[in-house]
Amino acid sequence: MENKTFSKDYRYERKFIVPLHMEGIVPSIINGVFPEFSEIYNERRINSIYFDTANFDLAHYHINGFQQRRKVRIRYYGNIDKARSPYLESKIRDGLLGYKLKKLLDDFDINTLSESTINLLSSDENIRQLNNEFFNLSPKVFITYLRSYYLSICGNFRITFDRSIDYYSLLDSNYLIPQNNNVINEKHCLIELKYNLKNDSIASDISKRFIFRLTNNSKYINSLLSHGLIYRG
């Protein structure tokens with residue numbers, strides 16, 4: 001199988017909460033306030049399966065404000081029931097700066113069983129690269145949403161707009177894709193500004209044009225809290 005080695009993708013992210021009642025006017029706001037951005041790609045559905053330890057250690061690192069933290073997930077696009085060209089990602093953050101380790105997996109579907117990430121990788125010839133990165137992790141939640149993409153003329157900045165965000169619990173299931181209707185709908189939308197390290201100062205000027213509140217929002221943490229799998233405080 002091709003493209004099986006891990007790759008890195010460094011970038012900054014700034015996130016903004018969008019009230020649900022403003023979802024319909026966001027494209028007009030972006031077109032009016034950010035004329036140097038234009039929409040790229042077609043709108044597409046993003047599906048993510050998040051993994052954590054039995055005690056949700058990765059989630060608690062985020063909640064407790066650790067400077068360095070990570071999330072582990074499988075991500076794929078399109079039909080929820082069939083994962084085509086899925087990637088296993090370890091999303092590592094140090095403050096605002098983050099990067100991803102990405103690894104292409106085999107396709108799977110709604111009937112796929114897996115109790116851990118290692119089950120997915122045990123036959124991989126590059127297992128030595130993992131360095132215990134994915135041991136002791138099991139599926140916790142499934143998150144799906146619609147995303148639109150906007151790119152700046154210079155190509156250095158990208159805006160994404162996420163809405164129709166749904167959270168499924170996988171705690172009592174060994175399936176990677178939800179088998180039931182145990183879903184909670186998010187009560188807001190999310191805009192993200194993405195860019196690389198050298199453009200941070202320019203990104204600050206771009207951020208000032210947003211009328212929405214800057215946040216450290218995490219879909220993964222929101223999904224766990226919504227399902228009562230973890231608690232703050």
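This is a predicted model: local features need pLDDT of at least 70, side-chain atom pairs count only at pLDDT 80 or more; totals for chains, interfaces and linings use all residues.

Trainee: Which residues have the most contacts inside the largest nonpolar core?

Mentor: The general idea comes first: in soluble globular proteins, nonpolar side chains tend to be buried together. In this model the largest nonpolar core has 21 residues, and those with the most contacts inside it are F37, I159, I191, L193 and F212. At least two residues of this core come from each of β1 (7–19), α1 (26–33), β9 (157–169), β11 (188–195) and α4 (200–207). The element that gives the most is β11, with four residues. Apart from this core lies another, of 17 residues, which includes I74, L105, L137 and L176.

Trainee: Which residues does L193 touch?

Mentor: Residues up to four places away in sequence are not counted here. L193 then touches Y12, E13, R14, F16, F37, F157, R158, I159, A203, I206, S207 and F210.

Trainee: Why is β11 described as largely enclosed by the rest of the structure?

Mentor: A residue counts as buried when its relative accessible area is under 20%. Eight of the eight residues of β11 are buried, so this strand is largely enclosed by the rest of the structure. Both of its faces are covered: the buried residues are H188, L190, E192 and K194 on one side, and C189, I191, L193 and Y195 on the other.

Trainee: How many bridges join β9 to β11, and in which direction do the strands run?

Mentor: Six bridges join β9 to β11, and the two strands run antiparallel.

Trainee: How many aromatic pairs does a search of the whole structure find?

Mentor: The search finds eleven aromatic pairs. To read such a pair, one considers the distance between the ring centres and the angle between the ring planes; planes over 60 degrees apart count as edge-to-face, and those under 30 as stacked. F34 and F210 form a tilted pair, 4.7 Å centre to centre with 45° between the planes. This pair links distant parts of the chain, 176 residues apart: F34 is in the loop between α1 and β2 (37–52), and F210 is in the loop between α4 and β12 (213–215). F34 counts as buried at 1% relative accessibility, and F210 counts as buried at 9%. Another pair, Y76 and F108, is edge-to-face, with 5.9 Å centre to centre and 75° between the planes. Y76 lies in strand β3 (residues 68–77) and F108 in strand β7 (residues 108–109), so this pair ties together parts that are 32 residues apart in sequence. Y76 is buried at 0% relative accessibility, and F108 is buried at 8%.

Trainee: Which residues do ring pairs link into a cluster?

Mentor: The cluster consists of F16, F34, F37 and F210.

Trainee: Where does the charged end of R44 sit?

Mentor: The charged end of R44 sits over the ring of Y41, 5.7 Å from its centre. R44 also lies over the face of Y77, at 3.8 Å from the ring centre.

Trainee: Which residues of helix α5 are buried?

Mentor: Helix α5 (residues 219–226) is mostly covered, with six of its eight residues buried. These are K219, Y220, I221, N222, S223 and L224. The buried residues of α5 pack against β2, α2 (57–63), β3, β8 (138–152), β9 and β11. Just after the helix, G228 takes a positive phi of about 70°.

Trainee: N217 is in the loop between β12 and α5. With which residues is N217 in contact?

Mentor: Leaving aside neighbours within four places in sequence, N217 is in contact with K15, I17, H188, L190 and N222. A polar contact of 2.7 Å joins the side chains of N217 and N222. N217 and I17 are 200 residues apart along the chain, and their C-alpha atoms are separated by 7.8 Å. At 7% relative accessibility, N217 counts as buried.

How values were computed: Residues are numbered from 1 along each chain as its sequence is written. Side-chain values use heavy atoms; hydrogens and water are left out. A nonpolar core is a set of buried Ala, Val, Leu, Ile, Met, Phe, Trp, Tyr and Cys residues joined through side-chain atoms within 4.5 Å. Buried means under 20% relative accessible area, exposed over 50%, partly exposed in between (1.4 Å probe, protein chains only). Contact means heavy atoms within 4.5 Å. Rings of Phe, Tyr and Trp (its six-membered ring) pair if their centres lie within 6.5 Å; planes under 30 degrees apart count as stacked, over 60 as edge-to-face and the rest as tilted. A charge sits over a ring if NZ of Lys or CZ of Arg is within 6 Å of the ring centre and within 35 degrees of the ring normal. Two strands pair if DSSP finds at least two bridges between them. A polar contact is a pair of N or O atoms within 3.5 Å; within protein, one must be able to donate a hydrogen and the other to accept it, and residues adjacent in sequence count only if both atoms are side-chain atoms.
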